[in-house]
Amino acid sequence: MEAVVYQGENDVAVEEVDEPEIEHPNDVVIDITTTCICGSDLHMYEGRTAAEPGIVFGHENMGVVEQVGDAVSTIEEGDRIVLPFNVACGFCQNCEGGYTGFCTNVNPGFAGGAYGYVAMGPYKGGQAEKLRVPYADFNALKLPEGNEHEDSFSLLADIFPTGWHGTRLANLQPGESIAIYGAGPVGMMAAYSAKLQGASEIYSVDRVPSRLDMVEENCDAIPINFEDGDPVEQIKDAHGGGVDKGVDAVGYQAIDPETDPGSDAYDPARENPAVVLNQLIQTVRPTGELGIPGLYVPSDPGAPDEMAAQGRLGIDFGKLFEKGQRLGTGQCNVKQYNRRLRDMIIEGRADPSFVVSHRVGLDEAPDMYEAFDNREEGVTKVLLEP
Ligand SMILES: NC(=O)c1ccc[n+]([C@@H]2O[C@H](COP(=O)([O-])OP(=O)(O)OC[C@H]3O[C@@H](n4cnc5c(N)ncnc54)[C@H](O)[C@@H]3O)[C@@H](O)[C@H]2O)c1
Ligand SMILES: [Zn+2]
Ligand SMILES: [Zn+2]
């Protein structure tokens, strides 16, 4: 079958790979109907992780069950399912507590497993025609049959729950104000979640005009372009002081607004891995809360300095202490949210599909990786249909 395979820095190719098989009686194999490219894939794509060539990418997967292991009891051939990007066992201490992003059984020596991702276990990615799903009874979320809401349901694998998770980590309450750094797919889903949860004011910070337009139109967010001036000042001026809550939907490859924009193109030389965390500490009021779903890594081969290469950042902890702020971070535990978000989609209460800009065949993956990596205007969320 065909799959998207990592070749090395800024290079993926569609290659012929072995078809997955049932390896354990709890597995199912699905025919992929939709699989998405994620901002998290870009860290690997750019060579900014320990990922080695040969990885089949793809952690945002949905499809139709094609083979069922003997011990699977709730899933049948033909069922339409979406998988959390987390691979989880369901019975370790963390899974029992709902922290399925930190399962201690699926990736020995590490807390957390995922499909198609460096350091997250042996699980092949789903940017392919088929995918093996371990612990299938636990991991699969069933969907109504047919192809209705295909775009929205595919976003249940990661970004809709992850955006929601950002607002929950910040403990957003109805009527509160919130600033969200990053208007990529995750930041947009955080802004949309804030709207659904009744935030009074939502500020979205980015530099890509089409992304800011989209978040303004669909999430009633106030767009803040950080190339136009210090975003902290812009938000405080508009709001009249610090906001209640903040979300980092950017992560360690953040662009420092103080650096020279040069051109519109994405420029790694402008990165400063601590900049968004420090801006959030400034933007949020004393005793406010910060949700940090943006990705940070313990080792970054392309870091701007030696400390950052070991994931050690210059964070204004003194300011955080002085302001008595609290923060939460980490991988999203997708299962905590995906069932309820699915039902909001089915009942017409939520439609996150506005974020989708492209649905293309697998063969277009190399071009789409390049365009999405450049944060090209109008390329927000790319779905692949093998
Ligand atoms: N915690 C989780 O479970 C989880 C899940 C999915 C994605 N992520 C992470 O979330 C982050 C965002 O993912 P995405 O798919 O939206 O990726 P993305 O790279 O498309 O979006 C990031 C956006 O941040 C903007 N940006 C860069 N510097 C900025 C700054 N200083 N201030 C404000 N905006 C800035 C970029 O222009 C871009 O639009 C990534 O780090 C990704 O790895 C985490
Ligand atoms: Zn993802
Ligand atoms: Zn577990």
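A crossing of two helices is right-handed if the near helix is turned clockwise from the far one by less than a right angle. The legends below describe close-up views of a predicted model.

**View 1. Crossing of helix 5 and helix 6 in the predicted model.** Helix 5 spans residues 159–169 and helix 6 spans residues 185–196. Their axes come within 7 Å and cross at roughly 60°. The two helices are therefore oblique to each other. Helix 5 passes helix 6 in a right-handed crossing.

**View 2. Residues at the contact of helix 5 with helix 6.** From helix 5, the contact takes Ile159, Phe160, Thr162, Gly163, Trp164, Gly166 and Thr167. Facing them in the contact, helix 6 contributes Pro185, Val186, Met189, Ala190, Tyr192, Ser193 and Ala194. Of these contact residues, nine are nonpolar and five are polar, while none is charged.

**View 3. The two assigned domains.** According to the domain assignment, domain 1 consists of 2–158 + 333–385, and domain 2 covers 160–329. A distance of 25 Å separates the C-alpha centres of domain 1 and domain 2. Their contact involves 24 residues from domain 1 and 27 residues from domain 2.

**View 4. The side of domain 1 that touches domain 2.** Helix 1 (39–45) and helix 12 (338–346) each provide at least two residues of this side. Helix 1 gives the most, with three residues. By residue class, this side of domain 1 comprises ten nonpolar, nine polar and five charged residues.

Conventions. Residues numbered from 1 in each chain as written. Chains lettered and ligands numbered in written order. Predicted model: local features only at pLDDT ≥ 70, side-chain atom pairs only at ≥ 80, totals over all residues. Axes fitted to C-alpha atoms, helices over the stretch in contact; angles between N-to-C directions. Helix = DSSP H or I, 4+ residues; strand = E, 2+ residues; numbered from the N terminus. Parallel < 35°, antiparallel > 145°, perpendicular 65-115°, else oblique. Contact = placed C-beta atoms within 7 Å. Nonpolar A, V, L, I, M, F, W, Y, C, P; charged D, E, K, R; others polar. Domains from an automatic or database assignment.
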